[in-house]
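I opened my notebook today to look up how some parts of a structure touch one another. Here is what I went through, entry by entry.

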Amino acid sequence: MNKPNDLAGLVLDPVTADQRYIGESEPRHSAKRLLEGQGTYVDDLQFPRMGHVVYWRSPVAHMRILQIHTAAARNMPGVLAVVDGVQMATICKPWVATLSHLAGMKSAPQHALAIERACWQGEPVVAVVADTRAQAEDALQLIEVEWEELPAVVSMLTALDPETPLIHPELGDNLCFSRTLDVGQVDAQFATAEIVAEATFGFGRHTGVTLEPRCQIADYNRGDGRLTVYHSQQAPHMMQDLYCRQFGLAESDVHVICKDVGGSFGIKVHAYPDDFATVGLAILLGRPIKFVADRLESFTSDIHAREHQVKGRIAVNKQGDILAFEIDDLTAIGPYSMFPRTSAIEGNQVVNLVGGPYKHQHYRAQLKVVFQNKTPTCQYRGVGHPIACAVTEGLVDLAAEKLQMDPLAFRQRNVIPDDAYPCSGASGIKLEILSHEQCLRTIEKMMNYTELRQEQAALRKKGIYRGIGFAALIELTNPSAAFYGVGGARIASQDGATARLDPSGVVSIMVGVGEQGQGTEGIYAQIAADAVGVPITDVRIITGDTAVTPYGGGTWASRGAGIGGEAVLLAAQALQENILRLAGAILQRDTAELQVRRSQIIDKATGQAVLPFSEIGRIGYFRTDTLPNDFKVDLMVTRHYAQRDYPFIFTNGVQASYVEVDIDTGFVTLLKHWAVEDCGRVLNPMLVDEQVRGAIVQGIGGVLYEECLYDDSGLLRNGNMADYLVPMANEMPDIEVAHVQTPTASSQLGAKGAGEAGTAGAPAAVMNAINDALMPFNVKVFEQPITSEKILRALGKI
Amino acid sequence: MKAAAFDYIKAQSIPEVLALMREHGDDARLIAGGQTLLATLNMRLSEPQLVIDITELAELKGIELSGEYLWVGALVTHTEIENAPLIKKYAPILQAAAPHIAHRAIRNLGTWGGSLVYGDPAAEWPACSIAVNATMVVRGLQGERRIPACNFFVDLYTTALAPDEILMGTEIPLANAKDVFSFQELARRHGDYAVAGLAAVAKKTGQALSDCNFVFFSVATTPVAAVQAQNLVNGQAVNAELITAAVAAARAEIETMEDITNSAAAKSHLVGVLLERALKKMLAD
Amino acid sequence: MNPKIPLDMIVNGNRVQAQIEPRRHLVDFLREDLGLKGPHLGCEQGACGACTVRVDGQIVRGCLYLAVQANGKVVDTVEGLTAQGALTELQDAFMRRNAMQCGFCSSGMLLSAAELIEQQPQATREQVREWISGNYCRCTGYHSIVDAIMDVLEA
C-alpha cells in the first residue's frame, strides 16, 4: 500500500513567510477538468476552413524518389492540395542538426518533405490535404510514387565497415559523432587490479509512445502574415524560433500555443519534418491545417532512442575499492541527426555519466554514434542515463560478486561520501552536493534488506528464485546554457515568469515553462501563492503561449521545478514588494511597518489587517488619482532566472527491485520496487512521487518490454500497439518512494529536478535483480529488453 | 487510421445474411462484436464494400441447456461466458479462460463465434472448443451441418467454414463430476496474445486420467492437440515418469512456429512446461 | 455509393438523430459531430483504452464500434456521467491521490474503474490492476490510480 513519504531528517527552512503550500501535497486544482472530459488537447480544436493533412511516407528504408504522380489523388472528394518536397522547399529551408560544441559532429541537410531520396521507413515525402482525415487517407491511397530501392544500412555493428554503403557519400562515412575521454591511468589500474570484471551490455531501440500522438494545427493568416501554431509540444519558444528561421518569418509574426499536452517525455521537444511541412502547408494554402499522427505513423515517425551496445569493464582492488571504469559505446541513430537538439547528446551523456555515483579517479570512454536507415533518434526521458546507469550498476554487481561482497555494502563503500562536496566526478562532471550515503541507508531500511535476503535464501531452497537488484544513480537537472546554447542552438536555458495582481486581488502568473501532466502548473501555483501571499485558489497559472509568457526554454532536462520555479518565486516576491510599496503609498505609512498575509496588508506590530488585496487592485488600476504624483504603480512584474553556478545541478538517488524469475518459463514477475530520491527541496511530495513512479515504469518498459524490432531490410516489424509492448497495470509492482532533501544553493527555492531519475535507475535495478535471481545458475543476461526467450537461452533450456 | 468507405446493412434474418454473402462473396464481411474486424478496417488492412451486421439474429444468441449439450450461440459475448452460471457448471474451462481474453471493454462486445471463425491460433476459444469436444453448427444455403471442433481449424486464420456458411453456435458436451481441467496462458502482459497456452481437459478416476484433450494455442498455425501425449496418458495412473514421457511426446509431436520475439525452440520448451503443470494440477484437483 | 445510415440514439441523456457514413467509428462521431471531446483517440486499434465509452451500460472501445451500431442504444461519455454525478467519488479519489497527470487516459480509466466498482465491489488490489490493464497510462506508474480505485472500493 501507499506509504507516507519519509521526509524525516533534514527539515528545510521555509522559502517564504507564512509558507502554506510549498512542500505540501497540494492537489492540482487546475487538473480537475481533465477528469471531467473538459481538457483541450490539440485534436479537440476545430477551426473554420480547417484542412487535415496525411503524409505519404516512405515504405522502405532507403529509396531514390523518381517520380511522384498526384493527379488521381487531387481529384478525390474533399482534397484541397497535394504538395511534394520540391514545392515545400520553395518556402521551407533545409536544416542540418549539429552542435558546435560536439567537436567533429556531422550530419546531412534534411528537408521537411524528402526530395531525391527518402532515408528511413516513415520519412514524409508527399502531403495530402483534405476536408477530413478520412478523405485525405482515401486520396493518399492514390498517390503513386515511383522509386528505386537503395541499399539500407541497418546494422550498427557494421555501419563503419568499408563495405557498408554510405548513407550520405558527401559526409565520407556513416559516423555522426565520436568522442574519447581518458582520465587518469586506466591501463595501469586494470593491469594491477586484483579484481576485473567485464561485460557487454545491449539496449534495444525503443520509443516514447505518448498516449496523445504528436499533433499540431498551423494557421497562416494572409491578411497580416501571421503564423499561429497550436502544438502539442514542450518548448513553444524554441518552435517559434525555428518556424521563423526555416520560413523566413519575423519572430513577432509567429505565435506558438500549447494547450493541454497528452504526455511528452521528450518525444515532443524535437522539431519534426512533418511539423515544418504542416506549417508550410498552412502558409501555402492560407488556412488552418491540422496534423495528428495516427498510431501507426507514430511508430515510424516519432523519435526513437537508446539503441546502444556498450562494452564495459571495472577494476577493483581486493579491499573492495573501485579503481577504474572503462567503456566503449556504440550507438545507432537515424540517417539524419535530429533537429535541433541533435542525436549525439544521448551518447555524449553516456560518456559523462558512467560511474557517476562513485569516487574512482580513472576512467576511459569511447563513443561512436553511427547513422542508420531507421527512424531518427533523439532525447527521450532519461537521455543516456538509463544506459550509463545500467552499465555502471551491472559492472558494480559483477565486481561485488567476484569480491564476494554484499552488493549494497560494496556500493556503500564506494559512493562519493556525503561530505566530499563540491567535487568533480571522474568524467569531469561538476557535482554541487549529493547524498548517496544517506540514500543508501534509507533504502536499506525501507526495504528491510536483511529480512529480504533471508526470504530470498529460504525460497531458493524451495526452488523459488527471487532476486534483489540495486541501482545508484545521478541525474543531471537544472541545466545552464552549457547544454545547448553553447553549441549554437537557440534553446533558452534561462526562464521567465510574470506575476500580476489583477484588480479583484487575485494573481495571474505567466511562465515560460509549460505543463504536460507532471504538475508544473500546480507547483507554480504553490510557489506563487506562498510568495505573493494569497490562497492557492486565487492563483491562475498561464503557460505555453509565446505571445503571453516571458521568453523561456520549456520543459526538458528536468528544469521545470528548479528553473521555472525559481523564476516564479522571483517574480512573485517582486510582486509582493510592489504590493507592499503601493500599500504604503495608499496608507501613507512606512512599508517597514507593513506585511503581507493571506490577501491582506497587515500591521506588522499588531497583526491587524489594514488593507485587502482587492483594494490594492482597485486603487492601483482605477484610482491612481488618489496616489502621490511621483508614485509608480507596478502590479505586473517579470523576472528571469538562469542557473549559472554549475553546468548542471546533479541529483542522486538509489532504487531497488525485487523480482521472481520462473526458471521454467523465463517469465519475470516484478514483486516490488523502491526508490529514494534526492531532488533537493521537494515542492510537492505527491506530485514528485508519481513522477518518480511514472518514470520508473517507463524504465521498466525498456528493460522488460519495449523494443522497436527491425528486419534486415530496415523495416519496422512491430510498429503497432499489439506488437510493441508498453507497460500496463497488471505487471507493474507497487513502488515505494522516499526522499532525502539536500537543497541546491544555486537558487532560493533549492529545488532540483526529478522527472527523469526514475527512468535512469529502473532498468539497472531490474536487470540486476534478474541476474541476482539467476545467481545459483551462474548465468547473466545483459541484453535489454530482457525477455523470457533470453532468460531461457541463458539457462540453457533452449 | 480511418477505415475506407463501405456500405452497411443490419441483417434481420439468417436467409438474408446467406443471400447477401452469396451475392457479395469476398466483398462483404460479417460484423458481430467487431473487435477484430474494426481494427483491421481502421488500419485499411481490409477494405470490404459491404459490412453485414448480424447482431440482431436471435438464433445466434443464448447459452442454453439443450438435452445432452450446452448450446453456446455464436453471438454470445466473452463477458457473458465469463459470468454465466451454466458455463461454470457445464464448461468450466471456458470461464477460467475468459478473463485472459484481451480486456473487459473488448470482452463486452467480442463474441464466441467471432473468435472461432477468425481462427487465430493465438486465441483462447479455438483451443478451448477443441478441449471441450465442441461441435460447430454451421448453416449455409445448402442447409445445416455439424463440424467437430477438432476438424474446424484448418490453417492459419482458416476454418472449415465454407465461404457461404455462417456459424450458428456450438454444442458442448456437459462436464460432470469426473471432469478436471487446467487452463494456462503465458503472456508477457495480461490480455495479450499468448506466448504459449494450454487448454487441458480430462476425466479423472482415482489417479488416472482419460478422455484427455491437451490443446495448445499460440505455438503453431492452428490450435494443436498433443495427440501422442494424450494417448500416452489416457487410462494411466499419473506419476512422475508418465509426466516426463508425456512432456517428451508433446514436445516431439508439435511442430512449433516462432513469433516476433519467441523462437520455435522456446515454444517447444514451453509446451512441455505447460503440460507438466497441467497434469500436476489435474491430478491434485 | 455508400449511402448514409440514419442514427437515432441517446447520448448523455439527449436524443441524437443523424445520417452518417457507416465507416465512422463511434468516438469520431461523438467528438466531431457532437463536440464531445472527453473520449480520446490513442491508437484506433483497441489497445490503449483512451476511447472507452459506455454503451447500454457497459464499457466498450469506442474506436472498435461503428457509430451506426449505436443506433437505438444509450451512449454515455465522461461528460455525461460527470453531469449525472456517476463518477464523483472516483473523480474525487483521483484528485486526492494524483491519479492523473496529462489526463489523456483519464476518461477511459474512469469509465473502466466505474464498471469494476459495479461488477466487482470486493476487488482486491491485484484484481484492480488486472481490470485496468486494458487502459494505457504513460505518465503515472499506475500505483496512484490503483490507490484511488481502492479508496472508492473500500469506502
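This is a predicted model: local features need pLDDT of at least 70, side-chain atom pairs count only at pLDDT 80 or more; totals for chains, interfaces and linings use all residues.

**Entry 1: a helix pair in chain A**

Next I asked myself which residues of α13(A) make the contact. They are T520(A), I523(A), Y524(A), I527(A), A528(A), A531(A), V532(A) and G533(A). From α14(A), I jotted down part of the list, including G560(A), A561(A), G564(A), G565(A) and V568(A). By class, this helix contact has 11 nonpolar, 7 polar and no charged residues.

**Entry 2: chain A with chain C**

How many residues of chain A are in contact with chain C? I found 42 of chain A in contact with 42 of chain C. Helix α16 (residues 685–705) of chain A gives the largest share of chain A's side, 7 residues. I sorted that side by class into 19 nonpolar, 13 polar and 10 charged residues.

**Entry 3: chain B with chain C**

Here 25 residues of chain B are in contact with 28 residues of chain C. On chain B's side, the elements giving two or more residues are β1 (7–10), α2 (37–42), β3 (50–53) and α6 (104–107) of chain B. My class tally for chain B's side reads 14 nonpolar, 7 polar and 4 charged.

Notes: Residues are numbered from 1 along each chain as its sequence is written. Chains are lettered from A and ligands numbered from 1 in the order in which they are written. Two residues are in contact if their C-beta atoms, placed from the backbone, lie within 7 Å. Helices (H or I, at least four residues) and strands (E, at least two) are DSSP runs, numbered from the N terminus. Ala, Val, Leu, Ile, Met, Phe, Trp, Tyr, Cys and Pro count as nonpolar, Asp, Glu, Lys and Arg as charged, and the others, Gly among them, as polar.
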